[in-house]
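Hello,

Here is the structure I promised to pass on to you.

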Amino acid sequence: MAAIAWLVIPVVTAGAAAIWAGWATRDKTMGDNAELQGYERFREAMERTHSGSHSSSGAA
């Protein structure tokens, strides 16, 4: 029975490693595209907001 336990441990560990490797190398670009587009819209909005403002380096 002890021999079976010593064989099951590496098999289970290899299975867990295979599952983790598949999860770690999954395609993660789906969420990144939406976030990058949102960031680009944010930058454009900030540039439009600040394009006509006064300079803060001068005296008030």
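Below is what I found in it, beginning with the background.

This is a predicted model, in which local features need pLDDT of at least 70 and side-chain atom pairs count only at pLDDT 80 or more, while totals for chains, interfaces and linings use all residues. Residues are numbered from 1 along each chain as its sequence is written, and side-chain values use heavy atoms, with hydrogens and water left out.

The overall picture comes next. The protein chain has 2 helices and 0 strands; helices (H or I, at least four residues) and strands (E, at least two) are DSSP runs, numbered from the N terminus. Of the 60 residues in the protein chain, 0% are buried, where buried means under 20% relative accessible area, exposed over 50%, and partly exposed in between (1.4 Å probe, protein chains only). The accessible surface of the protein chain is about 5700 Å², with 66% of that belonging to carbon and sulfur atoms. These areas come from the Shrake-Rupley method with a 1.4 Å probe, and for residues only the protein chains shown count as cover.

Now to the salt bridges. The count is 2, taking a salt bridge as a side-chain nitrogen of Lys or Arg within 4 Å of a carboxyl oxygen of Asp or Glu. In one, Glu40 pairs with Arg43, and their closest N and O atoms are 3.8 Å apart. Both sit in helix H2 (residues 29-50), 3 residues apart, about one turn of the helix. Glu40 is partly exposed at 36% relative accessible area, and Arg43 is partly exposed at 37%. Arg43 also meets Glu47 in a salt bridge (4.0 Å, N to O); these two lie 4 residues apart in helix H2, again about one turn. Through shared partners, Glu40, Arg43 and Glu47 are joined into one network.

Lastly, there is a nonpolar surface patch of about 450 Å², made by Met1, Ile4, Val8 and Val12. Patch residues have over 30% relative accessible area and no salt bridge, with like charges joined within 9 Å and nonpolar side chains (Val, Leu, Ile, Met, Phe, Trp, Tyr) within 5 Å. Met1 is placed in the segment before helix H1 (2-24) and is exposed, with a relative accessible area of 83%.

Best wishes
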